[in-house]
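Hi there,

Here is the structure I promised to pass on.

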Amino acid sequence: MKIAAIASIFLLVLGVRVFLYYQNQPHFFEGQEVNLEINLNNEPKVFSNRQVLSANLGLNKLIIITSFWPQYHYQDKLKISGKLESRVLKNGPQLFVLYFPKIEQGNQNAILKSIGNFREKFIDLFNRTLPINYSSLLLGITFGIKEKMTDNFLNNLRITGVLHVIAASGMNVTLFGGFITAVFGSFLKRQLALFLSIFGILFYVFLAGFEPSIIRAAIMGILVFSSQILGRQRLSLYGLILAGYFMVLLSPDTIFDIGFQLSFVATAGLLYIRPIFYSSEFIKRILGNSLVGEDIATTISAQVATLPILLANFGSYSIWSIVVNALVLWTVPILMVIGGVGGVLGLFFDMLGKSVIFLSLPFILYFEKIIDVFSNFGGILKIENLSWQIVCGYYLLLGVAVYKLKNFKV
């Protein structure tokens with residue numbers, strides 16, 4: 001009864017917060033003159049004669065199209081004045097556009113400026129060392145930095161279901177923490193491995209540039225790993241729920257962020273689906289004797305948990321995704337180490353950094369070959385409209401299956 005009463009109070013507080021948040025949102029309209037101050041949370045897209053910046057305008061997305069010079073960068077603080085133009089995308093959501101507005105650069109936070117400078121140096125170093133696709137792949141895997149790729153390479157990543165490894169997403173952080181635990185757990189005590197995983201997550205957040213989706217995933221991951229360090233596995237779910245609760249309480253529109261959804265559900269999948277593989281001694285032996293056993297368990301757990309979210313937001317899913325992920329995910333921690341070490345060394349010794357980064361080439365070539373091969377196999381499951389009833393039914397059945405299988409022994 002006490003737990004139910006506390007939960008009811010928490011839900012009531014959240015309901016009031018959400019109501020007031022949306023009631024007090026400013027309303028924008030076509031032709032409105034606006035004066036805004038924004039921090040760029042993404043690197044602008046640069047074309048031959050213009051830059052395209054993106055930001056949030058209340059509950060809508062704002063696109064800013066401006067001249068090629070002066071160039072703006074991640075975490076720049078900008079004062080923008082202009083007239084809004086409204087656009088409606090094919091799938092429904094509205095966005096606003098500012099064409100060549102007046103832009104002034106404000107005083108930037110010294111720490112964020114330093115981070116932005118490091119990111120620029122990493123991007124320049126990687127681009128001078130590897131071809132564009134390989135450089136972008138390594139930057140995405142290592143730092144969560146999104147750089148230009150050829151359309152064909154990007155499409156192959158998408159249709160084979162491995163695009164998540166180059167995005168600054170919650171799933172990427174979750175997999176990163178899981179891989180660190182698996183690596184250190186092979187020769188260290190589990191609690192020490194989990195402790196090192198927390199520092200690994202913090203390190204990744206710093207290098208990724210403190211993007212919102214990364215921060216949310218890091219908070220979740222740290223809470224979960226901390227509860228496991230204390231030997232209170234049952235508290236992991238409570239920590240995950242509390243992390244999600246307070247994130248939504250602070251910013252209610254977080255619940256609609258795909259990165260938040262993936263990080264929350266993927267973490268839950270690793271906590272409660274992945275252990276099922278190891279509850280069976282027979283399956284545990286098979287996975288333990290396989291070079292990709294850990295990757296298969298991690299991939300299946302995360303993808304089973306996130307499947308409805310992926311289908312609802314992207315409309316497609318490759319039936320080869322689990323196979324491709326199992327074949328390439330083992331390269332991710334290796335590439336992260338090579339990219340991280342090479343990037344840091346390159347800040348001080350250019351040639352040494354480039355030499356280390358060049359060691360990633362065999363792994364990237366292997367990665368590219370796998371996605372090239374499987375991208376030609378077809379097997380794309382497409383769903384144009386996934387109703388909320390189907391999503392709820394899926395998670396209800398999944399919950400029942402996890403409950404029944406968690407104590408399954410063979």
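**A glycine in helix 5**

Gly177 sits in helix 5, which covers residues 170-185. Bear in mind that this is a predicted model. Is Gly177 buried or exposed? Its relative accessibility is 0%, and because buried means under 20%, Gly177 counts as buried. Not counting residues up to four places away in sequence, Gly177 touches Ser197, Ile201 and Phe225. Tyr204 is 27 residues from Gly177 in sequence, and their C-alpha atoms are 9.5 Å apart in space.

Ile6, Ile9, Phe10, Val13, Leu242 and Phe246 make a nonpolar surface patch of about 520 Å². Helix 1 (2-23) and helix 8 (235-250) each supply at least two residues of the patch, and helix 1 gives the most, with four. Ile9 belongs to helix 1. With a relative accessible area of 53%, Ile9 is exposed, because the cut-off for that is over 50%.

Strand 3 (residues 50-57) and strand 4 (residues 60-67) run antiparallel and are joined by eight bridges. Within this pair, Ala55 stands opposite Leu62 of strand 4.

Happy to talk any of this over.

Best wishes

Key
Residues are numbered from 1 along each chain as its sequence is written. This is a predicted model: local features need pLDDT of at least 70, side-chain atom pairs count only at pLDDT 80 or more; totals for chains, interfaces and linings use all residues. Side-chain values use heavy atoms; hydrogens and water are left out. Two strands pair if DSSP finds at least two bridges between them. Patches are made of residues with over 30% relative accessible area and no salt bridge: like charges are joined within 9 Å, nonpolar side chains (Val, Leu, Ile, Met, Phe, Trp, Tyr) within 5 Å. Accessible areas come from the Shrake-Rupley method with a 1.4 Å probe; for residues, only the protein chains shown count as cover. A salt bridge is a side-chain nitrogen of Lys or Arg within 4 Å of a carboxyl oxygen of Asp or Glu. Buried means under 20% relative accessible area, exposed over 50%, partly exposed in between (1.4 Å probe, protein chains only). Contact means heavy atoms within 4.5 Å.
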